Amino acid sequence: MDIEELPGVGATIAEKLREAGYASVEAIAAASSGEMMDIGLGESTAQKIIDAARTNLKMGFESGLDVLAKREQIGKLTTGSQELDNLFGGGIETQAITELFGKFGSGKTQIAHQLSITAQLPKEKGGLDAGAVYIDTENTFRPDRIQQMSKALELDPEEALSNIQVARAYNSDHQMLLAEKAAELMDEKKIGLVVVDSLTAHFRAEYTGRGTLANRQQKLNRHMHLLQRRLADLHNAAVIVTNQVMSRPDIMFGDPTSPIGGHVVGHHSTFRVYLRKGKATKRVAKLIDSPSMPDAECVFDISTDGVRDG
Ligand code: ADP
Ligand code: MG
């Protein structure tokens, strides 16, 4: 359905909406009236359009049974390490956003590569029996690494590569557009995993200065809304986002770093995992603020074969 078909959306408003990145009914349904007012719509118009979009997508109440049925569809994706899987209660969940954050070299991209392959495994082997979408913002997707890891799992490396749809995002707007494209792709193909590596790098680079911070957070919020509603929920997919840490000179004790994106990213992530280097190839993963799991730590390993127990 085109956004023009929503009551109250004429050509002028449609153009405004598209320019601001609300190119679909889903994107509008996920917006707040405040966001719409920021692009120049009146409050009542904004609310009317959002309500219409939500009604159209049947976003409202559903019975407890429907919620149960949907939750029963949640899949668990293996990371390649039993220990790491246990941290998540049996693997990375679908219908959720899992945030991997940590310093450069902590293993975020390696885990993202590994999951793009394990997603293709049959369910009895811890996979989702589906393909992956990889939004690469830092140009760190490596096909040869995929080949290497898939051989270790006795998968055909060519086939493994062909099941991963990769797109390079050049800036934050492009990244947001690619997430919309991913949603379209998922209507056609069986995709069980979406990776955004890195979620925040472009946003961080583009929005410096204090005055632009609110703007950045608002866009990040919209981006994550889309990842959750249209990719994770609507398509029963696991969404993995990676995030850098920034140093916090104000913190005197403990770990003087915190993830980029602050509350917006934290609020939208169902699982947040802090990764850090251990001895040699060992890595330590710590689960933080999970609604259903205890905060816990585990050690795993990154070898030539990929992610394994430590
Ligand atoms: P991040 O994305 O968190 O910055 P990466 O996931 O890129 O970090 O991790 C890089 C690390 O992964 C390297 O320092 C190395 O230890 C390990 N690594 C990368 N490629 C391989 C490989 N082919 N074999 C073994 N270890 C590798
Ligand atoms: Mg990386």
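In this predicted model, ligand 1 is surrounded by 14 residues, and the closest are Gly105, Gly107, Lys108, Thr109 and Gln110. By residue class, the shell around ligand 1 holds eight polar, four charged and two nonpolar residues.

On its own, ligand 1 has 580 Å² of accessible area, of which the protein covers 68%. Two or more residues of the shell come from each of helix 7 (108-118), helix 8 (143-152) and strand 12 (297-303). Helix 7 gives the most, with three residues.

Aromatic rings are the next topic. The model has three aromatic pairs. One of them joins phenylalanine 88 and phenylalanine 271 in an edge-to-face arrangement, with 6.0 Å from centre to centre and 80° between the planes. Phenylalanine 88 sits in the loop between helix 6 (82-87) and strand 2 (92-93), and phenylalanine 271 belongs to strand 10 (residues 271-277), so this pair ties together parts that lie 183 residues apart in sequence. Phenylalanine 88 has a relative accessible area of 2% and is therefore buried. Phenylalanine 271 is also buried, with a relative accessible area of 2%.

A charged side chain is also placed against a ring: arginine 272 lies over the face of phenylalanine 101, 5.6 Å from the ring centre.

Terms used:
Residues are numbered from 1 along each chain as its sequence is written. Chains are lettered from A and ligands numbered from 1 in the order in which they are written. This is a predicted model: local features need pLDDT of at least 70, side-chain atom pairs count only at pLDDT 80 or more; totals for chains, interfaces and linings use all residues. Side-chain values use heavy atoms; hydrogens and water are left out. A residue is near a molecule or strand if one of its heavy atoms lies within 4 Å of it. Accessible areas come from the Shrake-Rupley method with a 1.4 Å probe; for residues, only the protein chains shown count as cover. Helices (H or I, at least four residues) and strands (E, at least two) are DSSP runs, numbered from the N terminus. Ala, Val, Leu, Ile, Met, Phe, Trp, Tyr, Cys and Pro count as nonpolar, Asp, Glu, Lys and Arg as charged, and the others, Gly among them, as polar. Rings of Phe, Tyr and Trp (its six-membered ring) pair if their centres lie within 6.5 Å; planes under 30 degrees apart count as stacked, over 60 as edge-to-face and the rest as tilted. Buried means under 20% relative accessible area, exposed over 50%, partly exposed in between (1.4 Å probe, protein chains only). A charge sits over a ring if NZ of Lys or CZ of Arg is within 6 Å of the ring centre and within 35 degrees of the ring normal.
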